Each structure stands twice: as C-alpha cells, then as structure tokens.
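Here are a few notes to go with the model you asked about. Have it open while you read.

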Amino acid sequence: MKRKNYIKIFLVCLSLIGLAGCGKDFLEQTPLDTLTMDSFYTSPADLRAATAPLYTQVWFIFNDKSNLSLGESRGGNMLSNNNYMPFYMFTANALNGDLASAWTAFYRVVAQTNFTINNIQQKAKNVTEDQKNAAIAEARFMRGSAYLYMVKLWGPVILLEDNVALVKNAQVAPSPVEDVYKFIIRDLSYASKYLPVKDDPGRVTKWAAEGMLSRAYLSHSGLNQPGTRLQTDLDSAKKYAGDVCHNSGLSLVSDYGELFKMKNNNNQESLFALQWVASSNWGSENTNQAYIAFESKLTGVGDGWGGGTSPSYDLIKEYNKDPNDTIRRNASIMLEGVHYPELLQKSGGYTFTSNSGGIKKYVIGTPDDNDGKVWFMSAPINTYMLRLAEVYLIYADAIRGNSASTTDPEALKYFNLVRTRANVASKTAISFDDMLHEVRVELAMESQYWYYLVNWYYYKPDEALKYINHQERGTSYTWTRKTGLVIGTPPAIVPKATASDMFLPYPESEVIQNPMLKDTPVPYKFTW
C-alpha cells in the first residue's frame, strides 16, 4: 500500500472528526476545533458526531464516478463514450482513475472507521457501554460494507484495523478472500447485535446490518463451491433477511418512482444510504446528476453532461421481456416519448425526445424542482447502498437455494411484493433466471448488478462468463415509440471476458509503493 496515501488518508481521518457536528440534522456540520482529542468522546453527542462522517465524505470519490463504473457499466447496463466505457469493455487497467478512486475511497472508509473505533475504545468517557457499543457498531457496519465491495471487485485485499501500524510498515500482503469474508461477517454480525432497531433518519440500524449480512452470506455461499452453493450460508442469508422481512416493521414505498426524489431521502425502504447535502464544500454533495443528466436544461445550473451516456441495448432488452414493466423502466432510464412531470415543472414537465436513451435514476432536475437545493455539480439526493426491496429478493433467493426453482409461499410472497409494486404480474414459481432478471430491473442504475454476476461466477464460472459474453455491451441502437428497439452497429468490438477480467487489477500506484500487493495472500491474524 502506498505509504504517502495511507498517511494522507490517516490525516484526513483526523481532520474529519473536526467537521462533524450534532445538530438537528446529523449531517449539519459545526466546527469542533476548540476541542482536543482528549476532551472529545465525552458525551453521547460526541459519539454521534464521530460517526456522522462515515455516511458522506469518506465515500465521496467512490460515489462521484466509480460507483456507476463498477456496478452498472461493468455489469453491462450502460453504454458510454466517456469514463464508463473501459468498464463495460473490460479494458480498465491498473492506471484507470475510477479504479484508483474506488480503492482510495474504500480505504478512507476503513481508516476512518478504525480511527473512530479505536478512539471510542480508548477515550470515551461519561457514556454507557450500550452507547459505546452502538457507536462502534455503526463504524463496523461501514467497514464491513466497504470490504464487501472490495472483495467482489479485487478478491484478496489488505485487511486493516490499526492505521498507525500500517503507516509504520506499508509493505503488506493482501489477505485471502475467505479471510476477507470472515472479517466482513464478523463486523456486520457485531453491528447487528449492537445497533438499535430504530434511530434518527439516515442512521443505520439493526435491520440495515441484518440486510447487509444477508447480502454477505448470499455472496459467500458460492465461493469455492463448484456448481452449487453452501447450504449453511444460504440458511444464514435466509435467517437475517427473514428477520428483516418479518420483524422490522418496514415496508416498501408504494410508488417506485417516489424512491428517487430528494424529498423522499431516508424513506422507510432505505436501509443504508450515503447522505448528501447541497453544499459548496466539495465532497459532501452528490455529483451524479452532473454526469448523467442527458442535457444541461435538465439541471439548470450549467452541468448535465450525460448526452454520451445511455442505458445499454442489453438492459433495454431485459425490460422488453415484460412490456408492462414501465414503472421501473421509466424511473430508471429515459426513452423517447416518456414524460416526466417532476422535471422542469415550471415548463409543464420534461419529455425525452432522443432516440438514443438516457439515464433517469438520480436525475432530479433543477433548483426550481427541488426547493432551490440543486447547485452546480450538487444534487443532494442520497445514494442507495441497500434497499428493503433487495432484502426481499435475497430472502426469496436464499429460500430457493440450490433448487432449479421454488414455489415456496414465503419466497413467492416477498418476491411478488417487489413485482406487484411495479405493476407487473406475480410469479407462481421463481427460477434463477427470474431472480437475475428481477435484481437487474429492480436495482438498475443503483450499481449492484455486477456484484450479483460475481456471486454467480463464484460457483458457476463458465455459465456466468457465457452470460456476460452474450450481453450486447457495446451495441448501438435506436428506440422510439413507433419502431421500438432497433439494433445499430457496435461502436467497438467488446473483447470476450475471461476469468482474468472478473476481478480488477490493483491500482498501479499502490503496487509500485507496495509490491507485496501481488504476493500470495497471507492468512489474517484474527484477534477478535
């Protein structure tokens, strides 16, 4: 690991604690520069302030471009002539900026959580054990979540609990994938034990931790399991997802499109979301709209550079499998003739007129459409990292397990809750193909699809690669209401994906400073 990068990350962590306040909104920031580290962590409010940055700045450069690059473009859902292209083309190399940004962001999350955990353990005073445990659980939830992304992007990675030790010795080998999953599950298990069942809007709870645990167990169930998934992991995924389904008291937002409006940030379906505000403080806002809005008039603030980015031909084909699935389609992507009354409201709404397709999800419009809260490169809509709908699908898939299909009433109930919300017909049986389709269209443009393809690759690599190589990733097209989807000429030949393409190279700058990154992974010494 690059020594100066870790030192920089560590210093960022030290400074972030001085940015987080505890006002009416936990992201309203009040400088704490009159405090010393020894006088901090001396009240419940201090603990809340210490964990607040874990929802925002540390994730920023991942959310800025890398999230869509790695989850959507790499998953075959986006077509682009800009930063996203190398990821659906499988040409992103160790020098790629978005790849390096993701790596840096994840280790910022890890370093900040370590800093927070260690200081709470060593310095917290005048707080109860329950309050300490809850704050540590919040931090460990974030660390486990970051590592769950990393293990499915890079495989073996460096496990880090002590920032200072790594600054002193930056030459470290990665840990095996099995150990990374063990680390993830321990962190998320701790979070599920100590997080409260209810908290302030935007804060993660026991249900968020159990939902993320179910995702982790579902992922791990196929690792090193040729042709089948490990039943004990499927049982654990079922257990934790089922607890969320049955006991959280949470429910889906009734209108799918309402999920993606700023006014509905932190709704009852949002289990874990990155929290963004309208701000000139670079790093605290959501920049996605600036890059993906099809044209500048959609934002009204001088950005809106998404004319070269569109849903892929393959994703539109997926929606076309069920022509009635227009609610989710129109809330996720833009096609010719679709009208959006929530955009450009003063002009009577916005009708998409291009035949090349556009991205809708996370495009929320102008300042006038959002109470003046949209600024240049700043649209303060939260980024979903885990929604209740995904937990419903995980529950159904864990029940299906290794069967070709299931008619289990519990699986059908929660699977069909997701579908009926979208006004599409209920299923009477659920197959693997049904599950893959549902994950793809329900979570489109939420940057999860690639990770589900990795889950599949773990236990059926040949089938997963065959599927990926049959996706029409680089295919140009037109779509109009009159003609429907018409194939064009691929702008470039998309290389066939191989096993070596399923996981990313380590950033070149990190390998130069820490050549041990490419060494054989070394088992991690667990002390907890």
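This is a predicted model: local features need pLDDT of at least 70, side-chain atom pairs count only at pLDDT 80 or more; totals for chains, interfaces and linings use all residues.

1. Residues are numbered from 1 along each chain as its sequence is written, and side-chain values use heavy atoms, with hydrogens and water left out.

2. Now the pair itself. Helix α14 (residues 388–400) packs against helix α15 (residues 409–421) at about 145 degrees, with the axes 8 Å apart; helices here are DSSP runs of H or I, at least four residues, and strands are runs of E, at least two, numbered from the N terminus. On the α14 side the contact (heavy atoms within 4.5 Å) involves residues including Y392, Y395 and I399, and α15 brings, among others, Y414, F415 and R421.

3. Next, the nonpolar core, meaning buried Ala, Val, Leu, Ile, Met, Phe, Trp, Tyr and Cys residues joined through side-chain atoms within 4.5 Å. Buried is under 20% relative accessible area, exposed over 50%, and partly exposed in between (1.4 Å probe, protein chains only). The largest core has 120 residues, and W59, F106, F141, Y147, W154 and F272 touch the most other members. Helix α6 (residues 129–154) supplies its largest share, 14 residues. There is also a second, separate core of 45 residues, which includes Y84, F260, Y319 and M334.

4. Have a look at K360, in the loop between β7 (358–359) and β8 (383–387). It's a lysine, but K360 counts as buried because its relative accessibility is 5%. Its side chain makes a polar contact of 3.4 Å with that of E342 (a pair of N or O atoms within 3.5 Å; within protein, one must be able to donate a hydrogen and the other to accept it, and residues adjacent in sequence count only if both atoms are side-chain atoms). Beyond four places in sequence, K360 also touches M334 and Y340, among others.

5. Last, a hairpin: β11 and β12, with three residues between them. Strands β11 (residues 477–480) and β12 (residues 484–487) pair antiparallel over four bridges; pairing takes at least two DSSP bridges. Y477 stands opposite I487, and W479 faces L485.

Terms used. Axes are lines fitted to C-alpha atoms, for helices over the stretch in contact, and angles run from 0 to 180 degrees between N-to-C directions.
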